[in-house]
Amino acid sequence: MEPALISPASATIFGIPANIIYILIPLIGIGTFAYIIFRRLTPLLKAAPDDRFNRIPERIRSVLKIWLGQWRHPRYMLPGVVHIFLFAGFLIVGARSTQLMFIGFVDGFQLPGFSGSFGAFYNVLKDYATTWILIAVAIAAVRRAIFKPARYAVPPQYGKDHTWEALLVLGLIAALVISESLFEASLVAAQTHKGLHAEYTAPVTLVWFFKHLLSGSSLAALQGVHSVSYFIHEITFFFFLCFLPMGKHFHVIISIFNVFFMRLDRGNVKPVRYGIDDDKLDDLESFGVKVFEDFTWKHMLDFYTCVDCGRCSDHCPANAAGRPLSPRFISIKGRDYAFKHYPWIGSNGGPSKPLIGDIYSEDEIWSCTTCGACEQECPVTIEYIDKMVDLRRGMVDEGLVPQSLQKPLSALEKRGNPWGKMEKKRADWTKDLAEETPVKILEKGKTAATLYFVDSISSFDDRMQAIARATARILNAAGIDFGILGKAEKDSGHEVRRFGEEMLFQDLKDQNTDAILNSGVENIVTADPHAYNALNKDYSGLPPVEHISQTIVRNVKAGKIRLKPVADTGKTYVYHDPCYLGRHNSLYDDPRAAVDTIPGLNRVEMAGNCRDRSFCCGGGGLMLFYEPEEEQRMGVIRVEMAKKAGADVIVTACPFCLVNIEDAIKVAGLEGEMEAIDLCELIEQHLIIED
Amino acid sequence: MEILVCVKRVPDTAENEIEVAGDGSDIERDDLVYSVNEWDNYAVEEAIQIVDKVGGSVTVISVGDEEAEEVVRREMAMGANHGILLSDDAFEGSDGKGIATLLKAAVDKGNYDLILTGALADDGAGQIGGMLAAMLDVPYASVVNSIETLDDKKLKVGREIEGGNQEMSEIDLPCVLSIQTGINEPRYVGIRGIRKVASVEIPVWGAADLGLAADSMGAAGARVKRLDYFLPELGEGAEILEGSMEEVAEKLIDLLKAKGGIK
Amino acid sequence: MTGQVFAYIRHKEGKADDSAQELAVAAGKIFPDASPTAIVSGAGSDLDAVCSEVAAAYKEVWKFDNEALAYPNAEAIRKLLVNVLPQDAVVLVAHDTFGMDLSPGLSIKLDSVFISDVVAFDGLEGDTLKVIRQEFSGQVSTHSSCDISAGAVINIRPGVFQVEESGAAADGQVVDKSGDIPDLTVGRRFLEVVEAEVGDVDITKEDVLVSVGRGIEDEDNIEIADELAEAMGAVVSCSRPIVDAKWLEKSRQVGTSGQTVKPKVYLALGISGSFQHLGGLKGNPYIVAVNKNPKAPIFQVADVGVVQDLLEFVPVLTEKIQESK
């Protein structure tokens with residue numbers, strides 16, 4: 001049967017058989033694309049090793065949930081839903097695009113399995129998909145061009161605005177769906193015109209509208225539309241394919257890989273180099289990331305995958321405080337470096353220069369509190385914390401440590417605590433408890449079932465010693481046989497490691513591990529989330545570790561701890577999730593349950609900024625000593641969130657959070673209106689003690 | 001430029017509470033941690049920066065017992081090229097001039113363009129640099145807070161003087177300079193850096209190597225001797241105001257008004 | 001004891017430094033029978049004015065007038081002194097940045113003994129002089145002895161030997177010894193003095209100062225001091241660590257390496273009281289110390305003390321002052 005219009009494979013273009021052209025276009029397109037991908041892979045082949053081919057079932061689940069299921073996208077509802085439609089549309093239309101390519105030189109080509117009823121169903125689905133793609137594109141374009149959401153803005157120090165790239169790609173996508181619909185609509189219109197069987201077009205779709213639009217046109221016009229729209233589609237398609245690896249739309253192709261290779265655990269830190277054990281670290285020539293090629297191939301893949309969406313920076317507390325750190329630009333600058341030094345055309349750049357002082361600045365890298373908000377938001381599972389730690393390792397190796405951090409690091413080395421206080425004073429906080437709650441020190445053969453790992457700040461800081469005392473009283477009230485290591489305890493080294501001083505961390509870890517194992521305890525409890533995270537994630541071979549909130553909840557349930565009704569019924573309490581309990585360890589409910597064990601206590605939430613969207617207080621450990629350049633304190637921003645939620649008491653479960661928030665209350669001028677209290681202090685105040 | 005930096009291993013006084021040991025013959029040393037004298041560390045950093053610019057090498061030297069070696073090694077981990085330890089029982093009890101004599105003998109065995117010391121150390125005397133310069137008969141500048149190499153024969157140095165002012169001078173090489181804190185930002189030396197230089201050879205020179213007479217060193221040659229340590233009796237001192245913060249504040253306001261403190 | 005006693009006099013713009021009289025007092029304490037000779041070097045009419053002033057405290061003043069000595073270059077002055085001082089001389093010098101520059105080398109060239117930064121004398125027995133010094137940033141004191149038979153160079157900490165108001169005028173003679181000046185070519189040549197940047201406020205002219213030290217803990221807390229100063233009609237100053245941390249300008253620093261101030265009233269908030277800081281505090285101000293450490297050395301020199309955390313106490317004080325107005 002004669003087709004209604006001349007198909008692309010049978011046409012000629014200026015006398016040349018079109019099928020030749022339509023074979024060449026894909027060949028050139030795919031060939032160029034393959035070459036670009038080959039060039040893009042170059043730095044990954046020189047990169048440091050990474051360990052991402054393990055735990056395959058978990059990885060497959062992640063791909064299904066995060067990539068296919070677009071799990072993180074609805075965290076920003078409107079753009080998230082728009083993207084889900086766009087993504088689903090792309091997946092669906094993929095088959096049609098493939099078919100279209102072959103149509104250029106194989107007349108009437110159908111993909112295997114697409115001929116019968118499935119094919120018909122697919123056509124309807126595809127018609128709706130192309131339509132909603134265009135709607136999504138329109139919404140996106142209006143957002144980008146007119147509403148210009150703040151998180152897309154490019155601060156001047158990072159270069160020019162990126163909106164053109166977004167609009168260009170939206171334009172290309174629009175061109176693709178429009179040309180595809182015109183190609184089909186023109187054929188259907190011609191079939192109708194000639195009285196032939198017209199292919200079905202689903203109602204209220206793009207192709208349906210075009211069909212009606214074209215219904216009055218002449219055959220010659222329809223032929224023109226048909227041929228030109230096909231040509232435009234193919235050129236656009238292969239141009240778009242080759243454009244993808246040029247910018248943020250690389251994610252279209254590689255996000256599936258990036259998610260497959262994603263970081264499966266939280267709270268831990270990558271080894272200095274995969275494949276090198278802790279005891280072989282001394283043999284390494286160089287530590288950390290100094291030049292681009294020191295990154296692992298997965299971190300380089302991260303740079304390529306970055307979608308430039310800004311969700312990470314939007315939730316980064318350092319960014320909100322006005323520090324010189326914006327996680328989005330860690331990725332974008334890394335990506336642009338790779339593009340510049342490993343271009344898709346032309347020769348690779350010369351010998352590598354140090355990244356610090358080139359694309360990254362020292363303060364930029366020291367500003368990070370490792371809170372994990374960025375990693376929590378990223379829809380394509382880009383990692384930041386390991387990169388920061390690696391960059392810091394590189395700086396430490398080169399001696400580039402800020403003066404404000406050198407003193408505490410030196411003190412940690414010599415005295416096992418950042419203030420340089422004498423070891424023998426580490427247990428002095430117990431003196432005030434001597435009579436009612438004597439605290440056992442596990443030395444000289446004394447042992448206990450449970451170790452209370454106090455860590456440095458609660459041992460030495462005048463204010464935080466109150467947390468240690470409260471914790472001791474709680475453990476005592478629950479009848480738990482516990483002790484502390486006293487002067488044998490060293491700083492857990494949690495921030496020492498995350499600030500790049502790996503060898504000092506290893507030292508502290510070894511000393512603590514020995515002391516803990518020698519003490520003969522069966523389990524460990526701590527009130528310090530940084531210590532909790534360190535002992536759980538950075539140390540190995542230790543007895544099980546739990547956080548005091550878990551102990552409290554369990555013992556209240558068992559009736560071992562009984563609590564009085566809340567002392568001040570007029571106050572409104574809000575719980576602030578510490579980064580190292582919440583995001584890094586998923587301990588959201590136990591601390592809340594612990595607060596709620598106090599009868600009559602009125603607790604609210606900081607809506608939109610709680611649980612995995614909690615806002616970092618300012619950071620702990622060594623971060624207390626760092627003098628950042630910032631416009632305001634993270635703690636002040638957090639306290640204002642608490643105020644907005646209607647609270648007058650902020651309950652924290654971390655000594656560093658308490659330090660930062662109490663400080664912030666003063667700086668924000670809210671003394672008298674807002675107060676902060678530690679979970680243990682709160683519980684201890686309400687303990688019913690049998691005399 | 002060949003630079004020699006004199007460094008000393010001293011107790012860390014930051015959080016250490018220095019206490020006098022029983023009979024006063026020494027301070028309590030059991031709980032002390034030691035490190036390189038802070039001023040000397042700035043001097044080593046300065047030397048490394050100079051050599052980075054104009055070439056040459058940095059040698060670090062210390063007079064002490066075998067534990068002093070850890071400090072020499074740390075400065076080498078920082079970037080000094082060579083280290084020397086002057087150690088001998090005969091050096092025990094040397095006074096400032098004795099130490100300077102030992103250093104001079106070591107300097108004579110080398111060929112240095114510039115010698116740096118820290119402006120002060122734990123005993124607060126600040127004397128070694130000046131003495132060494134005079135013994136070597138070379139120019140000296142103390143409390144130096146900036147160094148600029150003019151050419152291979154002279155430097156331009158700034159000295160920190162009263163009122164926060166800076167005295168600029170031109171000084172001929174070879175010379176001795178004592179360095180003030182804050183002249184630069186010393187780079188960090190981590191455990192890793194120290195481990196890397198753990199097996200580097202540090203020659204130890206004793207009395208015989210320096211060819212000095214016994215009466216010029218040690219307690220025998222000392223003309224200034226420390227007799228004891230003590231904590232001075234606290235005099236009357238301030239009148240401490242007692243009471244609640246409000247009461248104290250009110251009393252204080254009365255006193256201030258009487259003295260013209262509140263306008 | 002044999003050697004003649006000398007005191008090297010510092011001066012600026014035609015006026016002798018306070019240490020000039022302090023050295024005379026010190027000399028009187030160690031060698032009550034000897035009569036110290038003042039040595040004044042410099043150039044021009046300023047020099048003459050200083051010599052006249054110094055003659056009120058010293059029986060004999062040696063004047064050395066030479067263009068090359070117009071700026072006190074320690075290298076040149078050392079050369080001068082080595083040339084003009086008799087054998088076994090005992091020379092007293094103020095322990096300031098000049099004294100640190102001059103004295104150690106001078107003692108070597110004179111082949112005599114050097115004692116640095118003396119805070120008190122503890123007796124002279126024959127040729128053995130006993131002194132008191134401090135070590136470990138002033139945390140401990142030491143008794144030291146030295147053999148001054150071959151002469152000595154003794155650096156005296158400024159401010160420790162207080163001048164008695166009623167001291168008799170020495171009515172001394174000024175002897176021009178400029179002819180004895182040797183060739184003063186030395187390996188270090190003075191270029192210029194770069195003055196510290198003048199800040200917005202000149203604390204040296206203020207009567208009442210509210211001074212903050214490490215106890216302020218954080219840059220943001222300086223506001224507390226600002227408010228107190230405003231309530232009192234005073235001005236904020238500080239100790240060195242605050243300037244090192246860049247929380248306040250150098251022009252606000254009180255101390256030997258900062259400004260010398262002569263207020264009527266001085267509030268030391270969270271300042272431990274190191275001698276370098278107190279070295280910048282002259283005259284006899286009424287000192288109020290607020291420090292949470294009852295053992296802080298500042299309580300030794302203060303008139304009145306408050307043992308509280310300044311971060312809590314000062315806002316209370318400010319409020320009370322405002323109420324009382």
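I started with one residue pair: Val212(C) stands opposite Leu269(C), which belongs to β16(C). I note that this is a predicted model.

Next I looked up the strands around that pair. Strand β14 of chain C covers residues 208-212, and β16 of chain C covers residues 265-269. They run parallel and are joined by five bridges. Helix α5 of chain C, residues 222-232, packs on the sheet. I found α5 touching β14, β15 and β16 of chain C. Its direction makes about 170° with that of β14(C).

I traced the strand order. Six strands form an open sheet, and I read them as β13(B)-β18(C)-β17(C)-β16(C)-β14(C)-β15(C). The pairing is parallel.

I then checked where chain B joins. β13(B) pairs with β18(C) in the parallel sense, over two bridges. Ile240(B) stands opposite Gly305(C) in β18(C).

Chain B also places a helix on these strands. Helix α8 of chain B, residues 245-259, lies across β16, β17 (286-290) and β18 (304-306) of chain C. I noted its angle to β18(C) as about 155°.

**The B-C contact**

I looked up the totals. In chain B, 69 residues are in contact with 71 residues of chain C. Which element of chain B gives the most to this side? It is α8(B), with 10 residues. Other elements that each supply at least two residues include α4 (128-136), β7 (140-149), β12 (224-230) and β13 of chain B. By class, I listed 35 nonpolar, 17 polar and 17 charged residues on the side of chain B that touches chain C.

**A helix pair in chain A**

Last, I turned to chain A. The axes of α2 (residues 56-68) and α8 (residues 251-260) of chain A come within 8 Å. They cross at roughly 135°. α2(A) and α8(A) are therefore oblique to each other. I logged the crossing of α2(A) past α8(A) as right-handed.

Which residues make the contact? From α2(A) they are Arg59(A), Ser62(A), Val63(A), Ile66(A) and Trp67(A). From α8(A) they are Ser255(A), Ile256(A), Val259(A) and Phe260(A). I sorted the residues of this contact into six nonpolar, two polar and one charged.

Conventions: Residues are numbered from 1 along each chain as its sequence is written. Chains are lettered from A and ligands numbered from 1 in the order in which they are written. This is a predicted model: local features need pLDDT of at least 70, side-chain atom pairs count only at pLDDT 80 or more; totals for chains, interfaces and linings use all residues. Two strands pair if DSSP finds at least two bridges between them. Helices (H or I, at least four residues) and strands (E, at least two) are DSSP runs, numbered from the N terminus. Two residues are in contact if their C-beta atoms, placed from the backbone, lie within 7 Å. Axes are lines fitted to C-alpha atoms, for helices over the stretch in contact, and angles run from 0 to 180 degrees between N-to-C directions. Angles under 35 degrees count as roughly parallel, over 145 as roughly antiparallel, 65 to 115 as roughly perpendicular and the rest as oblique. A crossing is left-handed if the near helix is turned anticlockwise from the far one by less than a right angle, and right-handed if clockwise. Ala, Val, Leu, Ile, Met, Phe, Trp, Tyr, Cys and Pro count as nonpolar, Asp, Glu, Lys and Arg as charged, and the others, Gly among them, as polar.
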